[in-house]
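Subject: A structure for you to look at

Hi there,

I am handing over a structure that is new to you, and my notes follow below it. Please have a look at the model and then read on.

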Amino acid sequence: MKPLPDIRTAEIAGKTVLVRADLNVPLKNGMVADATRIVRFAPTVRDLLARGAKVVVMTHLGRPDGDANPIYSVRPVTGTLSSEVGREVVFVPDCVGPTAEKAAKHHQDGKVLLLENLRFHKGEEANSRNFALRLSVNGDLFVNDAFSCAHRAHASTHAIAHIMPAYAGPSLLAEVAALTAALDAPEKPVAALVGGSKVSSKIRVLKNLIGRMDHLIIGGGMANTFLAASGYRVGRSVHEPDCVSIARDIMEAAAANGCRILLPSDVTVARMFEAEALATTVPVAAIPDEAMALDVGPRTVAEIKHVLNACRTLLWNGPLGAFEMRPFGDATFTVARHAAALSKAGQLATIAGGGDTAAALSLAGVADQITYLSTAGGAFLEWLEGCRLPGIEVLRKRVEHSETV
């Protein structure tokens with residue numbers, strides 16, 4: 001696989017660098033409610049400034065569908081980004097046209113420009129070359145530092161890379177390195193823990209992983225579908241009867257590939273899905289018809305720990321149970337803390353991603369203690385599926401082109 005062009009090796013002093021970030025953060029009462037993505041992006045800006053570049057940042061926020069809806073303005077991001085970067089961030093009320101061009105032309109050293117929401121223009125999601133051209137006049141070099149947007153061929157991640165000198169940023173490179181280490185060249189034995197509610201949403205992920213993993217640990221609601229495929233009665237548990245045959249096919253393919261699938265041996269069940277519901281632990285062969293399996297049990301947790309103790313790499317996507325509601329997060333939190341302890345001791349490289357996974361690790365208090373936690377959603381899943389991401393591939397092609405000229 002060709003390497004990506006690294007902005008850290010480029011000469012940028014005196015140049016204006018147009019950076020695609022993903023600052024699509026949640027807002028509450030006009031304030032940033034979770035600054036994780038901003039905190040992770042800020043070092044990129046600080047490094048560019050320290051190397052003598054002027055920095056123009058472009059991002060999207062929400063889904064305004066091509067309309068300039070003030071609800072989705074990125075203006076509220078300005079203060080938090082400024083605090084994290086340690087420099088003044090100037091908000092520009094458009095990302096193309098005279099307003100943006102004037103701001104970029106008169107950009108002062110030491111300040112950072114933050115352009116208004118890219119998705120206020122239909123050309124962004126249409127991957128319009130014309131829109132990309134209008135964006136390109138805001139800088140001399142283009143940097144994609146938004147891995148979480150790389151699975152979409154949009155103007156600010158794809159078309160623009162055909163127009164300007166294009167590079168990958170540090171955050172994007174770190175994400176690619178972590179996922180490559182987990183999937184393409186992991187230190188073995190390697191395990192994947194895949195949870196969530198539906199098998200149907202992760203069929204391609206599972207099919208790709210069984211050819212790469214030594215162990216596949218399945219939890220969450222999707223485990224109930226696998227239990228049904230194994231002949232167990234799952235009562236009122238969330239499962240997908242239409243995917244039972246698919247689950248059987250996956251188990252057969254895993255066996256053929258030497259991948260051991262670990263399903264729950266016991267589960268925590270309740271008759272009501274509500275906080276502090278009366279819950280009991282039962283073997284998977286004894287799930288009551290009127291009950292729901294909402295978490296895996298302590299015996300299963302012990303089996304998972306045993307697997308992780310013998311592994312060198314863990315890829316984690318999805319919780320083991322309904323972790324948002326007590327007491328159905330116990331298994332997820334216990335396994336998270338165990339994986340974090342192994343990672344801290346240098347015994348296990350833990351690469352995790354997905355919104356629910358990040359939230360669960362945060363609630364467990366170990367989000368900053370594992371090897372790598374991805375903030376990407378769709379891009380992370382598509383990488384796990386084995387897909388080529390347009391925003392990544394266009395940068396690789398720039399490397400190939402430069403090698404042939």
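A residue is called buried under 20% relative accessible area, exposed over 50%, and partly exposed in between (1.4 Å probe, protein chains only). By that scale R152 is partly exposed, because its relative accessible area is 38%.

Some background first. This is a predicted model, in which local features need pLDDT of at least 70 and side-chain atom pairs count only at pLDDT 80 or more, while totals for chains, interfaces and linings use all residues. Residues are numbered from 1 along each chain as its sequence is written, and side-chain values use heavy atoms, with hydrogens and water left out.

**The annotated residues**

An unreviewed UniProt entry lists a "binding site" at D22, L23, N24, R37, H60, L61, G62, R63, R119 and R152. UniProt positions are in the numbering used here, the feature name is shortened, and such annotations may be inferred rather than shown by experiment.

R152 sits in the loop between β7 (141-144) and β8 (166-168). Helices (H or I, at least four residues) and strands (E, at least two) are DSSP runs, numbered from the N terminus. Not counting residues up to four places away in sequence, R152 touches T157, E382 and P390; contact means heavy atoms within 4.5 Å.

R63 belongs to the loop between β4 (54-58) and α2 (77-85). With a relative accessible area of 68%, R63 is exposed. Its contacts, leaving aside neighbours within four places in sequence, are Y72 and R119.

**Another loop residue**

K198 lies in the loop between β9 (190-194) and α7 (203-209) and is partly exposed, at 45% relative accessible area. Leaving aside neighbours within four places in sequence, K198 is in contact with M222 and E240.

**A pair of helices**

The axes of α10 (residues 298-310) and α11 (residues 330-344) come within 10 Å and cross at roughly 20°. Axes are lines fitted to C-alpha atoms, for helices over the stretch in contact, with angles from 0 to 180 degrees between N-to-C directions. The crossing angle makes α10 roughly parallel to α11 (under 35 degrees counts as roughly parallel, over 145 as roughly antiparallel, 65 to 115 as roughly perpendicular and the rest as oblique). On the α10 side the contact is made by V301, I304, K305, L308 and N309, and on the α11 side by A331, T334, V335, H338, A339 and L342.

Enjoy exploring!

Best wishes
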